[in-house]
Amino acid sequence: MTILVTGGAGYIGSHFVCLALSKGMKLVILDNFDNSSAQVLKAIADVTGVAPDFVEGDVRDKALLTRVMTEKQVESVVHFAGHKAVGESTQNPLKYYDNNVYGSVVLLQAMAECGVRKLVFSSSATVYGVPEFNPYTEDHRKKPFNPYGQSKSMVEDIMEDACRADPGLAMMALRYFNPIGAHPSGKLGEDPKGIPNNLMPYITKVAVGELKSLGVFGDDYDTVDGTGVRDYIHVMDLAEGHIRALEYLSAHSGYEAVNLGAGHGYSVLQVIQAFESVNGVAIPYDVKPRRDGDLAAYWADASKALRLLNWKTRLTIDDMVRDSWVWQSENPGGYGA
Ligand code: NAD
Ligand code: UFG
């Protein structure tokens, strides 16, 4: 039986694919290369020794989805495909509702037509919005404050309604905290187009000399050193969380939302310090004004993942900064180099 991995050529999807293939799982990737390239498939083959089964296409193409599900005997879906730039989502919300929400509805319709009942969905800690308390537990109220977060929250609600209507369905939304790091081989990692929005890819581009200095967005928050605190999670731990979610869904029906985070946070300055001391590379930085829409601090209550999935993070911040740097330094131009 096959797992359909939408968005499997992307940053998180490709790491999941490597892990799943290394465990002998059978899968097919569907990706339209909107934010990735065929080079990723070569890297996966290089790392695992298996050329992944791949279909180039869009999750909004229902005829294609039903054909793939039928021909490949798909039993479950891991749905990574979507757009993820928070800033862009405020400028172009319809792009986000179209790809993230409509794309997920088409996927659910195709699953219903083909009798595919299990779904793992890439959700985000962004669904919570301003923390009423820290750490976020899964029953913290959801109040996202940008269209990207709203799109994730809407898909969660749609999944929950679908499961309520059909008790045979088994679906899990995994709310990722801040994924960083790369495959330990150094052959796969995050390869954002243009100037990175996120902290770790910005740091590695400064380290490799492509960007001059990191802007630290605010040092006057009510945190340990005034800079923003996040719950960073190694992408390989995150990948393992998806394997556990699939195992859970093979034995349980219904809908669940589960945080995937370490359960503690690091400030921006602590991440910089870890990067410098583990890798022996200096990261020049300037303190800049706060970034619009940023929150001071949040991290996960990760106890539900332990209870339901027997999952917790194993890799440390030192592993994360080391693997991010190995990837960037060995592939200064990302997959294009
Ligand atoms: P990514 O952009 O690297 O990967 C997404 C992949 O989906 C890309 O390969 C892209 O080409 C593909 N894709 C996009 N739209 C598609 C469509 N309509 N049809 C087929 N393929 C399509 O992003 P990522 O960081 O790997 O994130 C994966 C998922 O996790 C996304 O849904 C994202 O919103 C979610 N997420 C990411 C983070 C993060 O910080 N990276 C945090 C929380 C949640
Ligand atoms: N930061 C800087 N300088 C930068 C980039 C980021 O100081 O150049 C700071 C931010 O202000 C924040 C921290 O580093 O305090 C982390 O910022 P990121 O942009 O790396 O991550 P966010 O927490 O803003 O958001 C990320 C993803 C979202 C996802 C969320 C889940 O971008 O898609 O994590 O927690 F939903």
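Analyst: A term to start with: a polar contact is a pair of N or O atoms within 3.5 Å; within protein, one must be able to donate a hydrogen and the other to accept it, and residues adjacent in sequence count only if both atoms are side-chain atoms. This is a predicted model, where local features need pLDDT of at least 70 and side-chain atom pairs count only at pLDDT 80 or more, while totals for chains, interfaces and linings use all residues. Residues are numbered from 1 along each chain as its sequence is written, chains are lettered from A and ligands numbered from 1 in the order in which they are written, and side-chain values use heavy atoms, with hydrogens and water left out.

User: Which backbone atoms lie by an oxygen atom of ligand 2?

Analyst: One is a backbone N or O atom of Leu199, at 2.9 Å. A backbone N or O atom of Phe217 also lies 2.9 Å from an oxygen atom of ligand 2. For a nitrogen atom of ligand 2, a polar backbone atom of Gly215 is 2.7 Å away.

User: How much of ligand 2 does the protein bury?

Analyst: Alone, ligand 2 exposes 690 Å², and the protein buries 90% of that. Those areas come from the Shrake-Rupley method with a 1.4 Å probe; for residues, only the protein chains shown count as cover.

User: Which element gives the most to the shell around ligand 2?

Analyst: Strand S8 (214-217), with four residues. Helices (H or I, at least four residues) and strands (E, at least two) are DSSP runs, numbered from the N terminus.

User: Now ligand 1. What does Asp31 do there?

Analyst: An N or O atom in the Asp31 side chain is 2.6 Å from an oxygen atom of ligand 1. Backbone N or O atoms also lie by ligand 1 oxygen atoms: 2.8 Å for Ile12 and 2.9 Å for Asp34. Taken alone, ligand 1 exposes 820 Å², of which the protein buries 94%.

User: Where does the largest share of its shell come from?

Analyst: From S5, with three residues.

User: Switching to the sheet: what is the strand order?

Analyst: The order is S3-S2-S1-S4-S5-S6-S11, an open sheet of seven strands with parallel pairing. Two strands pair if DSSP finds at least two bridges between them.

User: Why do S3 and S11 each have a side without a neighbour?

Analyst: Strand S3 (53-56) and strand S11 (254-260) stand at the edges with a single partner strand each, so one side of each has no neighbour in the sheet.

User: And how do S1 and S2 pair?

Analyst: S1 (residues 2-6) and S2 (residues 27-31) pair in the parallel sense over four bridges. Ile3 stands opposite Leu27 in S2.
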